[in-house]
Amino acid sequence: PTQVLAKAAKAIPVMLMGRLLQGKRYPWPDWLCAGLITVGVSFFLLGKYALTSEQHEEPEKMSRAAPAEVWTRCVGLAMLAGYVLFDSFTSTYQSKLFSAHHMSPLQMMFGANLFSCGLCLATVVWQKELGSSIEFATTHPLFLWHIGLLSVTSAVGQVFIFRTLALFGPLVFTIIMTTRQALSVFLSALLFGHEFASLGWVGVVLVFAGLSVKIHYQHSSSKPKQS
């Protein structure tokens with residue numbers, strides 16, 4: 001559940017990071033939309049988690065945790081906090097680069113992937129796994145087709161990601177990704193007949209309420225003011 005809450009609450013850290021890095025002041029409908037979506041997605045995913053875990057977790061197992069398990073949980077919480085921090089920083093700083101240097105989405109994509117390739121190559125060489133990786137790829141030619149397909153689909157997805165960041169900013173992008181997470185689980189439940197607790201349906205209502213607030217505010221603010 002902790003991981004679910006961390007993934008669902010990304011919109012608010014993005015807004016705080018935008019305030020810190022770019023000095024943005026978000027209007028109250030944006031805060032209301034982010035809050036409703038955060039609570040709604042949390043309810044929705046936790047409702048699904050409750051149904052799948054209540055039969056498997058034993059109460060006496062959760063009553064007392066060993067010191068090693070407590071340390072593991074603390075490390076996990078620290079890693080989740082780092083994930084939320086760096087994820088919100090990345091999209092916000094990319095938006096800042098778009099506005100400050102007038103970069104195109106493809107230029108941003110090229111720079112980010114070039115650095116990622118260099119970092120991954122240095123890591124593989126440092127761990128002395130470059131030779132074994134090349135040997136595995138040459139031994140299994142089908143692996144190269146899978147990697148190629150994954151690379152193409154990932155590149156197309158990144159074009160849309162950077163285009164969204166350049167045109168609409170990190171907050172809209174985060175709302176889209178957070179809503180997509182809940183929508184994918186919701187469609188999976190409809191297609192495969194999964195059950196949801198009542199808390200999950202409350203979450204669905206809250207998510208659509210948050211999106212409605214955002215759409216209504218943008219529609220109202222885009223109307224020309226009459227004198």
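S132 has its place in helix 7 (residues 130-139). This is a predicted model, where local features need pLDDT of at least 70, side-chain atom pairs count only at pLDDT 80 or more, and totals for chains, interfaces and linings use all residues. Residues are numbered from 1 along each chain as its sequence is written, and side-chain values use heavy atoms, with hydrogens and water left out.

Q: Why is S132 called partly exposed?
A: Buried means under 20% relative accessible area, exposed means over 50%, and partly exposed is in between (1.4 Å probe, protein chains only). S132 has a relative accessible area of 43%, so S132 is partly exposed.

Q: What makes the pair of E129 and S132 a polar contact?
A: A polar contact is a pair of N or O atoms within 3.5 Å; within protein, one must be able to donate a hydrogen and the other to accept it, and residues adjacent in sequence count only if both atoms are side-chain atoms. Here a polar atom of the S132 side chain lies 3.0 Å from the backbone oxygen of E129.

Q: Why is D30 called buried?
A: D30, found in helix 3 (residues 28-53), has a relative accessible area of 7%, and therefore counts as buried.

Q: Which residues does D30 touch, leaving out those up to four places away in sequence?
A: With contact meaning heavy atoms within 4.5 Å, D30 touches M15, L171 and K214.

Q: How many helices and strands are there in the protein?
A: Helices (H or I, at least four residues) and strands (E, at least two) are DSSP runs, numbered from the N terminus. By that rule the protein has ten helices and zero strands.

Q: What makes a space in the protein a pocket?
A: On a 1 Å grid over the protein atoms alone, a pocket is an open set of points with protein on both sides within 12 Å along at least five of seven lines, and lining residues have an atom within 4 Å of a point. The second largest pocket holds about 220 Å³ of space, and among its lining residues are K10, D87, F173 and M177.

Q: Which helix gives the most to the lining of the second largest pocket?
A: Helix 5 does, with four residues. Helix 5 (67-101), helix 8 (141-168) and helix 9 (170-192) are the elements that give two or more residues.

Methods: On a 1 Å grid over the protein atoms alone, a cavity is a set of points where a 1.4 Å probe fits but cannot get out, and a pocket is an open set with protein on both sides within 12 Å along at least five of seven lines; lining residues have an atom within 4 Å of a point. Grid points are joined across faces, edges and corners, and a volume is the space filled by probe spheres set on the points.
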